[in-house]
Amino acid sequence: MTFFDRLKAASAADWHSYVDHAFVRQMGEGTLPQPAFRHYLVQDYLFLIQFARAYALAIYKSPSLGDMRQALAGVKAILDMEMDLHVELCAGWGLSRTDLERAREERQTMAYTRFVLDAGGQGDLLDLMVALAPCVLGYAEIGRRLAATPRGLDPANPYARWVAEYSSEGYQEVAAGFAAWLDRIAADYATPARQPRLEHLFAQASVLEADFWQMGLEAA
Ligand SMILES: Cc1ncc(CO)c(N)n1
């Protein structure tokens, strides 16, 4: 059992309400109202700016050079890969990079990103990675699952591009690399005494992910 599997098992209900949220199911079926998706995507761009900072904090919190390189890969995956998807999709709706950067941050965006930055600021690299895990590993799980549904990658599904991105080999590799790194850090730093706090951080982040989807749904 990986450390990630163990965290998921400990917060099964919160995890499920995140990865199987109505927003996710409607993306897979292609029935999600477009305003919900657009609102989500603009907020997600602002979210990614803060998440790049969280990975930069992981560089600072790294006990070894190998860990620093892993964290740097996270910064680069966000700045050089993932944000390009947002810019591309938004351009299709007449929104420029500047429009994205000028958008106002919603409370849900602030709550989730500042929660992760604070967990990392207070704790060590393991605390920070556990708070980050629902993000990268959850989207990889959602991407894989939606890609396997009948309409997930159907060109007629307006969200097929999103599903293709998160189910892509590139993204799946980033997530697998993160899970393996989390296992190594947990082997060195997780103790039975720390487990309740780590499970709490993971559950909280999963709840904040579900709130993020809900924010999108409520915009429609
Ligand atoms: C809210 C959120 N969680 C996770 C990811 C995956 O990076 C994302 N882009 N946005």
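Where is Tyr40 found? Tyr40 is in helix 4, with helices taken as DSSP runs of H or I of at least four residues, numbered from the N terminus. Before going further, a word on the model. This is a predicted model, where local features need pLDDT of at least 70, side-chain atom pairs count only at pLDDT 80 or more, and totals for chains, interfaces and linings use all residues. Residues are numbered from 1 along each chain as its sequence is written.

Back to Tyr40: it counts as buried because it has 23 C-beta neighbours inside 10 Å. Here buried means 20 or more other C-beta atoms within 10 Å of the residue's own, exposed means 12 or fewer, and partly exposed is in between, with C-beta atoms placed from the backbone.

| Helix | Residues | Span, first to last C-alpha | Expected span |
|---|---|---|---|
| Helix 4 | 27 residues | 39 Å | 39 Å |
| Helix 8 | 23 residues | 32 Å | 33 Å |

Helix 8 isn't straight, though. It bends by about 45° at Leu132, and Pro134 follows within four residues; the bend is the angle between axes fitted to the seven residues ending there and the seven starting there. Helix 8 is largely enclosed by the rest of the structure, because 19 of its 23 residues are buried.

That ties in with the largest nonpolar core, which has 61 residues, and Met129, Val130, Leu132, Ala133 and Val136 have the most contacts inside it. Helix 8 gives the most to this core, with 15 residues. Such a core is a set of buried Ala, Val, Leu, Ile, Met, Phe, Trp, Tyr and Cys residues joined through C-beta atoms within 7 Å. Ala133 is in contact with Phe4, Leu7, Leu182 and Phe202, once neighbours within four places in sequence are left aside.

Now the ligand. The residues around it are Asp44, Phe47, Leu48, Glu82, Cys135, Val136, Tyr139, Glu209 and Phe212, where a residue counts if its C-beta atom, placed from the backbone, lies within 6 Å of the molecule. By type, the shell splits into 6 nonpolar, no polar and 3 charged; Ala, Val, Leu, Ile, Met, Phe, Trp, Tyr, Cys and Pro count as nonpolar, Asp, Glu, Lys and Arg as charged, and the others, Gly among them, as polar.

On to the end of helix 8 and what follows. Arg144 lies in helix 8 and counts as partly exposed, with 16 C-beta neighbours inside 10 Å. Arg144 and Val163 are 19 residues apart in sequence and 8.1 Å apart, C-alpha to C-alpha. Ala148 sits in the loop between helix 8 and helix 9 (160-167) and is exposed, with 12 other C-beta atoms within 10 Å. In helix 9 we find Tyr166, which is buried, with 22 C-beta neighbours inside 10 Å. Tyr166 touches Tyr139, Ala140, Ile142, Gly143 and Tyr171, not counting residues up to four places away in sequence.

Notes
Helices (H or I, at least four residues) and strands (E, at least two) are DSSP runs, numbered from the N terminus. The expected span of a helix is 1.5 Å times one less than its number of residues. Two residues are in contact if their C-beta atoms, placed from the backbone, lie within 7 Å.
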